[in-house]
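Here's a quick briefing to read alongside the model. Have a look at the structure first, then work through the topics below.

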Amino acid sequence: MINLASTSDLIRVVTSAAAQIEVHASWADFTTATSAVGIGRQNTPHITTATTTTIVASPGSGVVRNVKHLNITNDHASQSCSVTVEHSDGTTVIEMMAFTLLPGENMILNEEGRWAHRDANGAEYPPAGKGAYDGYPVVFMKTGTAADTIGYWYCTSKDAGFPGAWAPGTPGINGRATDGTTSTDNGCIPVKNPATGANYLTEVTMGASVNHSHLFFDVLWVNSGIAVTTTTAQAITTPTLPARDINGTTNGEGCMIAMLTTTANTNAAAISNSTVSYTNSDGTSGRTATLTAIAGSQIPVTPVIGTIVWFNLQAGDKGVRSIQSITLATSLGGGAVSLMICRDLANIGTSLVNVQFTRKLSEPGVRLYNGTCMLHCILASATTATFFNGEVVIQEK
């Protein structure tokens, strides 16, 4: 619907050729002084030249005209015509929609404000150009090694395959923001920044030689240099996160904290007393992320390379803006770990060995912001080394 709110407002069409353009408009008039509602409509005389024609006139004084329906048809036998609908307030003219109508085609505005373009048989055109999806698949294959034990998380980022191995590098204790389009983060699942519009993850397909639960996530920040034998707080000053939280901001809403083993650790028992001090996505500092003494939510015995542990945020928190310290509390013995701040993107399960399963995400899909650094991990159902294969479908809209 379109509102005409003054005696200067009107709607007009601009036609590009000498076709035969037929226009119907329906509206409701609301008189502000009396709250009376009147119904009106108009069939514009056929437009047969390249010209500008008013199709809904201005309302009277004290009246708001609510245009509920426009139907514009090219009824010429052979001549195509570009038709542009404009709103004028008497001073400023705004283009609202434009279509090239082939003979017999029409364009329709409905009461909800949606435009449609229909062919000569009445079938609606699908979206076209950058108003539509322009998608591409990214193949994913990894030769994983054995996970720690059933019920623990294992990340395939370090494994061979396509893409090749990804590593945190050596950014130090304060870490670095990631950017999956730069060489520093080669090895993440490649997502090119869109030429125009935005990227959306619309479909995930996965198969595996051993069935697991799979999670794809965007790592926004990663560090190195944590002293694995230090059991007191180790201070961290994180940089501003890239604008890739669920809202496309740097606040970190929807983001989680993970710890990734990059060199096998040697702790002799499971650890659940490690904590991370952080600032939540609302800007509240002094929050504490914790582990739990159950499989999958604690550091396992002697974690292998690729083991990933997800921390529990403090009650009520929706995300992580920055990290101030990590306290291992119990020594990891040896090896190396990195902290990460990550955003969950999509998960999928596999239930038949070496048979791919597909999950289509609700339209328009999950927004992938520029610089997405996508990695894959599993919740292991067995410790067996696993071959993973599948693809993610990225749509540009």
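T302 sits in the loop between β20 (287-289) and β21 (307-310); strands here are DSSP runs of E with at least two residues, helices are runs of H or I with at least four, and both are numbered from the N terminus. Bear in mind that this is a predicted model, where local features need pLDDT of at least 70, side-chain atom pairs count only at pLDDT 80 or more, and totals for chains, interfaces and linings use all residues. Residues are numbered from 1 along each chain as its sequence is written, and side-chain values use heavy atoms, with hydrogens and water left out.

- T302 isn't a glycine, yet its phi is positive, near 40°.
- With a relative accessible area of 39%, T302 is partly exposed (buried means under 20%, exposed over 50%, partly exposed in between, using a 1.4 Å probe and protein chains only).
- S35 is another non-glycine residue with a positive phi, about 65°.
- You'll find S35 in the loop between β3 (21-31) and β4 (36-47), and at 48% relative accessibility S35 counts as partly exposed.
- F162 and P163 are joined by a cis peptide bond, with omega about -5°; P163 belongs to the loop between β13 (160-162) and β14 (176-177).
- The bond from E363 to P364 is cis too, with omega near 5°, and P364 is in the loop between β24 and β25 (366-368).

**The nonpolar core**

- In soluble globular proteins, nonpolar side chains tend to be buried together.
- Here the largest nonpolar core has 25 residues (such a core is a set of buried Ala, Val, Leu, Ile, Met, Phe, Trp, Tyr and Cys residues joined through side-chain atoms within 4.5 Å).
- I257, M259, V276, F311, I323, I326 and L339 have the most contacts inside this core.
- At least two core residues come from each of β16 (213-222), β18 (255-263), β19 (275-280), β22 (320-327) and β23 (336-349).
- Which residues does L339 touch, leaving aside its neighbours within four places in sequence? Its contacts (heavy atoms within 4.5 Å) are W221, V222, N223, I226, I236, I257, A258, M259, V276, F311, I323 and I326.

**The cavity**

- Rolling a probe the size of a water molecule over the atoms shows where empty space is left.
- Searching the whole structure turns up 1 cavity of 30 Å³ or more. A cavity is a set of points, on a 1 Å grid over the protein atoms alone, where a 1.4 Å probe fits but cannot get out, and lining residues have an atom within 4 Å of a point.
- The largest cavity has a volume of about 40 Å³, where volume is the space filled by probe spheres set on the points, with grid points joined across faces, edges and corners.
- Its lining is made up of F140, K142, T156, S157, P163, G187, C188, I189, M374, L375 and H376.
- β11 (134-143) and β26 (374-379) each supply at least two of the residues lining the largest cavity, and β26 gives the largest share, 3 residues.
- By class, this lining has 6 nonpolar, 4 polar and 1 charged residues (Ala, Val, Leu, Ile, Met, Phe, Trp, Tyr, Cys and Pro count as nonpolar, Asp, Glu, Lys and Arg as charged, and the others, Gly among them, as polar).

**Salt bridges**

- Side chains of opposite charge can pair when their charged atoms come close.
- How many salt bridges does a search of the whole structure find? There are 11, each being a side-chain nitrogen of Lys or Arg within 4 Å of a carboxyl oxygen of Asp or Glu.
- One of them pairs R12 with E86 at 2.7 Å, N to O. R12 lies in β2 (residues 10-15) and E86 in β7 (residues 81-88), so the bridge ties together parts 74 residues apart in sequence.
- R12 is partly exposed at 24% relative accessibility, whereas E86 is buried at 13%.
- E203 and K360 meet in a salt bridge at 2.5 Å, N to O. Because E203 is in β15 (residues 199-208) and K360 in β24 (residues 357-360), this pair ties together parts 157 residues apart in sequence.
- E203 is buried, with a relative accessible area of 17%, while K360 is exposed at 64%.
- E124 and R114 form a salt bridge too, with their closest N and O atoms 2.3 Å apart.
- R114, R118 and E124 are linked in a network of salt bridges.

Technical notes
On a 1 Å grid over the protein atoms alone, a cavity is a set of points where a 1.4 Å probe fits but cannot get out, and a pocket is an open set with protein on both sides within 12 Å along at least five of seven lines; lining residues have an atom within 4 Å of a point.
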